[in-house]
Amino acid sequence: MSITIKDLYDLDHTLARDYLSQYEYPWQALAGIKQFIIDLGKTLDPQEYTEVSENVWVHKTAKVLPSAWLGAPCIIGPNTEVRHCAFIRGSALVGADCVVGNSVELKNVILFEHVQTPHYNYVGDSILGYYSHMGAGSITSNVKSDKKLVVVHDHAEGKEIETGLKKFGAMLGDHVEVGCNSVLNPGTVIGRNSRVYPTSCVRGVIPEHSIWKNDGTIEAIKD
């Protein structure tokens, strides 16, 4: 099964390493992100990070445009760029060398280093791994239309995992590419080095080193 934290992420590329290592599955970490960020922020070196407002810490090398909104709590890492009209609602840990683009909304998320959410993305109740990329207009849908609790459907393993969560967007492993205008439905888990075709409607588990096509078929990436 390729949906555990160890399978999906290299924890050397996030300040959340110790926090995430407590859990088997990444969605188990969602409930505690807010308090984790508050506690972590208080340990950050004031020579490197500025607390620009209560429980909002921005690295001195980060670039935050004046029209961006940074809601508490959040941490913006080194060399990260937060562009015009970005809306960080809170509970967001954004790592080093990331891009939070124009009109992007983040809420209750962990973004590893080098993550790009550059254009018109919504990312909520999700964890995005090292060098993952959301194409323009792609979003994580974090609540089911029937408001029932989210279940992770792993068709390859023939398993369904009850999460006990009403809000759960997507877990993207390291080096995942999501095509433009795709929707990642609640409970989506994408393994390392996998790709999603543009305009896809994705649900369930995509194994690592795979391609999700528009018709919902999954193919292994050939070397």
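Me: Is H175 buried, partly exposed or exposed, and what is its relative accessible area?

Reply: Start with the cut-offs. Buried means under 20% relative accessible area, exposed means over 50%, and partly exposed is in between (1.4 Å probe, protein chains only). H175 has a relative accessible area of 36%, so it is partly exposed.

Me: What kind of model is this, and how are residues numbered?

Reply: This is a predicted model, in which local features need pLDDT of at least 70, side-chain atom pairs count only at pLDDT 80 or more, and totals for chains, interfaces and linings use all residues. Residues are numbered from 1 along each chain as its sequence is written, and side-chain values use heavy atoms, with hydrogens and water left out.

Me: Where does H175 sit, and what is its phi?

Reply: First the general idea. Most residues other than glycine have a negative phi, and most peptide bonds are trans. Now the case. H175 is not a glycine, yet its phi is positive, about 60 degrees. H175 lies in the loop between β16 (170-172) and β17 (177-178). K147 is not a glycine either, and its phi is positive at about 65 degrees. K147 is placed in the loop between β13 and β14 (151-154).

Me: Which residues does a cis peptide bond join?

Reply: A72 and P73. Omega is about -10 degrees there. P73 is in the loop between β4 (69-70) and β5 (74-76).

Me: How many helices and strands does the protein have?

Reply: Both are DSSP runs, numbered from the N terminus: helices are H or I with at least four residues, strands are E with at least two. The protein has three helices and 24 strands.

Me: What radius of gyration does the protein have, and what would a compact globule have?

Reply: The radius is taken over C-alpha atoms, and the globule rule is 2.2 Å times the number of residues to the power 0.38. For 223 residues, a compact globule would come near 17 Å; the protein has 16 Å, which agrees. The C-alpha trace spans about 50 × 40 × 30 Å along its principal axes. Of the 223 residues, 53% count as buried.

Me: Where in the chain do E105 and R89 lie?

Reply: E105 and R89 form a salt bridge at 3.0 Å, N to O. The pair links distant parts of the chain: E105 is in strand β9 (residues 105-111) and R89 in strand β7 (residues 87-94), 16 residues apart. E105 is partly exposed at 22% relative accessible area. R89 is partly exposed too, at 39%.

Me: Which residue does E219 meet in a salt bridge?

Reply: K213, again at 3.0 Å, N to O. E219 is partly exposed, with a relative accessible area of 38%. K213 is partly exposed, with 22%.

Me: Which residues does G187 contact?

Reply: Contact means heavy atoms within 4.5 Å. Leaving aside neighbours within four places in sequence, G187 is in contact with V150, V152, F168, G169 and G204. G187 lies in the loop between β18 (183-184) and β19 (188-190). Its relative accessible area is 1%, so G187 is buried.

Me: What does G137 touch?

Reply: Not counting residues up to four places away in sequence, G137 touches H119, Y120, N121, N181 and S182. G137 sits in the loop between β12 (133-134) and β13 (139-140).

Me: Where is Y23, and what does Y23 touch?

Reply: Y23 is in the loop between α2 (17-20) and α3 (33-41). Y23 touches I5, Q28 and A29, not counting residues up to four places away in sequence. Y23 is partly exposed, with a relative accessible area of 26%.

Methods
Salt bridge = Lys/Arg side-chain N within 4 Å of Asp/Glu carboxyl O.
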